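Hi there,

Here is the structure I promised to pass on to you.

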Amino acid sequence: MTNHPRIIPNLLVTGTPGVGKSSISRLLSERTNFTWREVSKLAEEHNCLDEYDPEYQCPFLNEDKLLDVMEGMMAKGGNIVDYHGCEFFPERWFDGVFVIRTNNTVLYDRLTARGYTGKKLQDNIQCEIFETLLEEAQSSYKPEIVQELQNDTEEQLQKNIDTIIEWIERWKENNL
Ligand code: ADP
Ligand code: MN
């Protein structure tokens, strides 16, 4: 396979469940010509989910199968990949990695509203407190392409969209 350089970037939007990855990705896809790739939905649509994990109350992801499905989509750029994990994606796929962050008490309320309780709720709050996804992103991608965005309020949500759009414009200028 030949490697043509991308003329529009691929973005990864990652972070703990509930931080606002899908809200940001959807708004971004509405304001750009980029395609929102909600990995959990893609995995479901393409039968990349294996049996149910009783401890984490979610199905196991067949990562190899998912990567095969996504490879063709990623080639041309213009993707916003939305997932609460990032270490299993090929490093070469992404030009910008955005780690969305949310204050603990705000996140607690969002996850409770989503119906999370008990261990699942606690694990996700801990995941945010321990900066698990930030560390995963920093150890999987070059530090200069990883950016944290705080997303507690509606105002920050709008600001984050503007920040990412400005980032895309700058990337395009630098990669003409
Ligand atoms: P994720 O995709 O990371 O799980 P969602 O985008 O589904 O997160 O957001 C979780 C909940 O938080 C949704 O109800 C969404 O409307 C709300 N939300 C997301 N971002 C913000 C924000 N910046 N301010 C207020 N509410 C938000
Ligand atoms: Mn989501």
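A charge counts as sitting over a ring if NZ of Lys or CZ of Arg is within 6 Å of the ring centre and within 35 degrees of the ring normal. K120 and Y116 give an example: the charged end of K120 sits over the Y116 ring, 4.7 Å from the ring's centre. Please keep in mind that this is a predicted model, and that the values below are computed from it.

**Aromatic residues**

How many aromatic pairs are there? The count comes to eight. One of them joins Y83 and F89, with ring centres 6.3 Å apart and planes at 75°. Planes over 60 degrees apart count as edge-to-face, so the Y83 and F89 pair is edge-to-face. F89 also pairs with F94: here the centres are 5.7 Å apart and the planes again stand at 75°, so this pair is edge-to-face as well.

Are these residues buried or exposed? Y83 and F89 are both buried. F89 has a relative accessible area of 4%, and F94, at 5% relative accessibility, counts as buried too. Ring pairs link these residues into a cluster made up of Y83, F88, F89, W93, F94 and Y141.

**The largest pocket**

The largest pocket has a volume of about 1400 Å³. Its lining consists of 44 residues, and those closest to the centre are P17, C58, Y83, H84 and N124.

Several elements give two or more residues to the pocket lining: the helices α1 (21-31), α2 (39-45), α5 (118-129), α6 (132-140) and α7 (154-174), along with the strands β3 (49-53), β4 (58-61) and β5 (79-83). Which element gives the most? That is α5, with five residues. By class, the pocket lining divides into 16 nonpolar, twelve polar and 16 charged residues.

**The cavity**

The structure also holds one cavity of 30 Å³ or more. The largest cavity contains about 40 Å³ of space. Its lining is formed by G15, T16, V99, I100, R101, C127, E128, E131, T132, L133 and L134. At least two of the lining residues come from each of β6 (96-101), α5 and α6. Sorted by class, the cavity lining has five nonpolar, three polar and three charged residues.

**Backbone and side-chain details**

E131, one of the residues lining the cavity, is found in the loop between α5 and α6. Its phi is near 55°, a positive value in a residue other than glycine. With 34% relative accessibility, E131 counts as partly exposed.

N47 also has a positive phi near 55° and is likewise not a glycine. N47 belongs to the loop between α2 and β3, and it is exposed, with a relative accessible area of 56%.

Finally, S25 is part of helix α1 and is buried, at 0% relative accessibility. Where does its side chain make a contact? A polar atom of the S25 side chain lies 2.7 Å from the backbone oxygen of K21.

Technical notes: Residues numbered from 1 in each chain as written. Chains lettered and ligands numbered in written order. Predicted model: local features only at pLDDT ≥ 70, side-chain atom pairs only at ≥ 80, totals over all residues. Heavy atoms only, no water. 1 Å grid on protein atoms, 1.4 Å probe; cavity = no way out; pocket = protein on both sides within 12 Å on 5 of 7 lines; lining within 4 Å. Points joined across faces, edges and corners; volume = space filled by probe spheres on them. Helix = DSSP H or I, 4+ residues; strand = E, 2+ residues; numbered from the N terminus. Nonpolar A, V, L, I, M, F, W, Y, C, P; charged D, E, K, R; others polar. Phe/Tyr/Trp six-rings, centres within 6.5 Å; stacked < 30°, edge-to-face > 60°. Buried < 20%, exposed > 50% of the residue type's maximum accessible area, 1.4 Å probe, protein only. Polar contact = N/O pair within 3.5 Å; in protein donor to acceptor, adjacent residues only side chain to side chain.
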